[in-house]
Amino acid sequence: MSKIVSIHSYRGGTGKSNSTANIAAAIACKGKRVGIVDTDLPSPGVHVLFGFDEERMQRTLNDFLWRRCAIADAVYDVTSILKNRAISGSGLFLVPSSVKVNDISRVLRERYDVELLNEGFQDFIDTLKLDYLFIDTHPGLNEETLLSLTVSDIVLLVLRPDQQDFQGTAVTVDVARRLKVPKLLLLINKALMEYDFAQLKEQVEKAYDTTVSGILPESEDVIRLASNGIFCLNYPDHPISRVIETIAGQIMR
Ligand SMILES: Nc1ncnc2c1ncn2[C@@H]1O[C@H](COP(=O)(O)OP(=O)(O)OP(=O)(O)O)[C@@H](O)[C@H]1O
Ligand SMILES: [Mg+2]
């Protein structure tokens, strides 16, 4: 049975796209077939971590949503990024969103059929025989966010230790509960090293009555990589990569 995993955050820049790419890659390294869809149509980003730019993207999610192609035509096999960490069965596939100015302005102007997006998810899963489909999202709550919350088996909410994130996450947790998301997990990102991580985990778990799957520190190494690759593939022995492994394990459990 395939699983749909949505990565959300109420506010922008929390680390959704980096988390999506890293956790998806970590699961693919365990011999699973993993897909990623960039549903952040107004401000796409996850393709950058796979080394894609405008020229390299022929077909995108936009073409599918505007009924110009099948979803399979917008799928890029990015398994080679796993290099020697791929094992038998490993597969990693990406459906990027367009970064063309005209396409982004069309998305903002005309919107699109959210139901068709859901059909695309299912088709992607079936055609590529995915074990996991990761949905990277636009921050905040909007129509697509609600759709992805509705269709997800697992929702991972990314937040920073910041009062604005705390309040916004409370809203999203509430919505996810009402939509009866089967499994809800939190990921705290960009925590300062001086914090007591165990205490932070306990506080946040108590406040939201939700499991904190991991805490990632604000890291100069991540900043230095600057979305120029997938951190856990570049630095497999780094403490951050170990936290990613733990989160991947909780998603696969
Ligand atoms: N633990 C970390 N330490 C330092 N920098 C980080 C960390 N995690 C992510 N970043 C940086 O934060 C920025 C935002 O990350 P990312 O694009 O993954 O967030 P996002 O939630 O997808 O943003 P958006 O809401 O704009 O889509 C990137 O420059 C990334 O390199
Ligand atoms: Mg993003």
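I take helices (H or I, at least four residues) and strands (E, at least two) as DSSP runs numbered from the N terminus. I note that this is a predicted model, where local features need pLDDT of at least 70 and side-chain atom pairs count only at pLDDT 80 or more, while totals for chains, interfaces and linings use all residues. Residues are numbered from 1 along each chain as its sequence is written, and chains are lettered from A and ligands numbered from 1 in the order in which they are written.

Entry on the ligand. I looked up what surrounds ligand 1 and found 21 residues, the closest being G12, G15, K16, S17 and N18; a residue counts here if its C-beta atom, placed from the backbone, lies within 6 Å. I see that α1 (16-28), β7 (183-191) and α8 (220-225) each give at least two residues to this shell, and that α1 has the largest share, with 3 residues.

Entry on the helix pair. I find α1 packed against α10 (residues 239-252) at about 70°, with the axes 9 Å apart; axes are lines fitted to C-alpha atoms, for helices over the stretch in contact, and angles run from 0 to 180 degrees between N-to-C directions. That makes α1 roughly perpendicular to α10, a word used for 65 to 115 degrees.

Entry on the sheet. I traced an open sheet of 8 strands in the order β3-β4-β2-β5-β1-β6-β7-β8, with mixed pairing, where two strands pair if DSSP finds at least two bridges between them. β3 (76-77) and β8 (211-217) stand at the edges with a single partner strand each, so one side of each has no neighbour in the sheet.

How values were computed
Parallel < 35°, antiparallel > 145°, perpendicular 65-115°, else oblique.
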